[in-house]
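Dear colleague,

I am handing over the structure we spoke about, and it is placed just below. After it you will find my notes on what turned up when I went through it.

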Amino acid sequence: MTENRNKQAFPREMVGEAKVRREGLDLYSEKLMMLAFGGGKSGIGEGGVKIVGLVITEWKDIPMELLLRIVSLVDDRTMIMASGVCSGWRDAICSGLTHLCLSWCKNNMNNLVLSLAPKFTKLQTLVLRQDKPQLEDNAVETISSHCHDLQDLDLSKSLKLSDLSLYALAHGFPNLTKLNISGCTAFSDVSLEYLTEFCRKLKILNLCGCVKGATDRALQAIGRNCSQLQSLNLGWCENVGDVGVRSLAYGCPDLRTLDLCSCVCITDDSVIALANSCPHLGSLCLYYCRNITDRAMYSLVENRMKNKAAMWKSMAGRYGEEGLKSLNISQCTAITPPAVQALCDSFPALHTCFGRHSLVMSGCLNLTSVHCACVVQAHRTASYIPYPAH
């Protein structure tokens with residue numbers, strides 16, 4: 001009966017492999033138990049497994065605490081198989097499992113999710129990144145119906161998903177703080193706006209390649225509803241404009257990382273809004289944003305100086321730790337060397353020196369004369385030749 005239930009619980013891909021490995025599962029579990037106890041505290045004999053006075057004759061009798069320690073040492077694939085050994089193992093793993101990655105599943109992920117989601121209800125992190133599209137809306141709806149503790153969800157490259165999935169997420173995950181839907185090209189800005197009205201605790205959001213979803217309308221909703229947002233990836237979202245970025249800047253003052261790679265419609269106004277409203281911004285990507293000029297660079301410098309006194313006072317001398325640490329202005333050919341040099345001088349964490357390139361300027365041949373403080377100091381040291389002692 002147990003074997004029949006297991007066949008119903010897992011897709012064919014998993015059941016076939018389970019048959020092959022069934023005979024070695026006991027031996028594998030024994031080795032894991034020895035590993036869990038450092039190798040010296042447990043032994044295996046004819047009477048069972050002896051652990052500090054405790055004798056285990058059947059694997060179903062393993063205490064829950066020990067079982068959870070064992071499964072923490074194996075990969076997610078083996079752990080799923082272990083949850084089908086018996087009801088005791090299943091209950092223990094389902095109640096204790098908080099992190100799960102199914103990216104290894106290449107052919108049958110949708111069915112696997114449909115099978116596992118109703119059992120693994122305590123999940124906090126779920127990674128469903130795919131090399132080829134597998135997930136469908138019914139899988140996401142099942143997750144939303146059962147895994148209400150979920151805080152971190154990766155659905156990247158889920159090309160089959162529609163707006164129905166975002167509507168399901170909105171109602172299922174009130175505590176969601178991290179969401180990756182990069183490459184999900186079917187989502188609309190209407191569904192993304194709806195999502196933000198319910199998932200207001202978002203801190204990390206990846207919308208890279210979501211061309212239909214990442215628009216000014218969506219960014220206005222994010223700025224209006226997600227005030228705790230710290231990281232946002234809008235790479236290759238060509239429908240993003242100044243209206244959206246300004247709304248984002250004003251509504252998300254704690255923003256620390258922003259990727260605007262190839263957002264070709266934005267202008268200096270976007271960067272100025274970020275400089276004025278996001279004092280903690282540490283990483284900014286403006287790759288191929290060819291409408292960006294010196295005006296944007298000088299706005300970053302001016303706000304750096306404007307906030308200097310306040311930061312010194314509030315952070316007890318930790319001013320140097322704040323500010324831009326990473327900036328990509330590759331292919332921004334309208335920017336001139338004086339503006340970028342002023343930026344380097346104001347933000348000491350921006351480096352152009354070898355091995356530390358946190359200021360990326362590839363494709364901007366006119367900026368080759370810009371150098372960080374490290375390069376200037378190294379040049380001065382190399383140029384200094386002391387007089388020989390007499």
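Contact, as the word is used in these notes, means heavy atoms within 4.5 Å. In that sense the buried residues of helix H11 (residues 242-251) pack against helix H10 (216-225), strand S9 (231-233), strand S10 (257-259) and H12. The buried residues of H11 are Asp 242, Gly 244, Val 245, Leu 248, Ala 249 and Gly 251. Please keep in mind throughout that this is a predicted model.

As for the chain as a whole, its secondary structure comes to 16 helices and 13 strands. Of its 390 residues, 48% are buried. Among the contacts with a separation of 6 or more, 75% are accounted for by residues 24 or more positions apart.

In soluble globular proteins, nonpolar side chains tend to be buried together. Here the largest nonpolar core has 103 residues, and the members that touch the most others are Leu 286 and Ile 329. Helix H15 (residues 337-346) gives the most to this core, contributing five residues. If residues up to four places away in sequence are not counted, Ile 329 touches Leu 286, Met 297, Ile 335, Val 340, Leu 359, Val 360, Met 361, Cys 364 and Leu 367.

I also looked at the empty space inside the model. Rolling a probe the size of a water molecule over the atoms shows where such space is left. Which residues lie nearest the centre of the second largest cavity? They are Ala 275, Cys 278, Pro 279, Leu 300 and Phe 347, out of a lining of 13 residues. Helix H12 (268-277) and helix H13 (294-306) each supply at least two residues of that lining, and H13 provides the largest share, namely three residues.

Turning to the aromatic residues, a search of the whole structure finds four aromatic pairs. In one of them, the rings of Tyr 194 and Phe 198 have their centres 5.0 Å apart and their planes at 45°; because planes under 30 degrees apart would count as stacked and those over 60 as edge-to-face, this pair is classed as tilted. Tyr 194 and Phe 198 are four residues apart in helix H9 (residues 189-198), and therefore they are separated by about one helical turn. An α-helix has 3.6 residues a turn, so residues three or four places apart point the same way. Tyr 194 counts as partly exposed because its relative accessibility is 26%, and Phe 198 counts as partly exposed at 35%. A tilted arrangement is also found for the aromatic pair of Tyr 287 and Tyr 288, with 6.1 Å from centre to centre and 40° between the planes. Tyr 287 has a relative accessible area of 27% and is partly exposed, as is Tyr 288 with 33%. Beyond the pairs, Tyr 167, Tyr 194 and Phe 198 form one aromatic cluster.

Trp 236, in the loop between S9 and H11, has a phi near 65°, which is a positive value in a residue other than glycine. With a relative accessible area of 48%, Trp 236 is partly exposed. Gln 331, placed in the loop between strand S12 (326-328) and H15, likewise has a positive phi, near 65°, and is a residue other than glycine.

Gln 124 lies in the loop between helix H6 (109-116) and strand S5 (125-127), and at 30% relative accessibility it counts as partly exposed. Leaving aside neighbours within four places in sequence, Gln 124 is in contact with Thr 98, Asp 149, Leu 150, Gln 151 and Asp 152. Gln 124 and Leu 153 are 29 residues apart in sequence, while their C-alpha atoms are 8.3 Å apart in space.

With kind regards

Note on methods. Residues are numbered from 1 along each chain as its sequence is written. This is a predicted model: local features need pLDDT of at least 70, side-chain atom pairs count only at pLDDT 80 or more; totals for chains, interfaces and linings use all residues. Side-chain values use heavy atoms; hydrogens and water are left out. On a 1 Å grid over the protein atoms alone, a cavity is a set of points where a 1.4 Å probe fits but cannot get out, and a pocket is an open set with protein on both sides within 12 Å along at least five of seven lines; lining residues have an atom within 4 Å of a point. A nonpolar core is a set of buried Ala, Val, Leu, Ile, Met, Phe, Trp, Tyr and Cys residues joined through side-chain atoms within 4.5 Å. Buried means under 20% relative accessible area, exposed over 50%, partly exposed in between (1.4 Å probe, protein chains only). Rings of Phe, Tyr and Trp (its six-membered ring) pair if their centres lie within 6.5 Å; planes under 30 degrees apart count as stacked, over 60 as edge-to-face and the rest as tilted.
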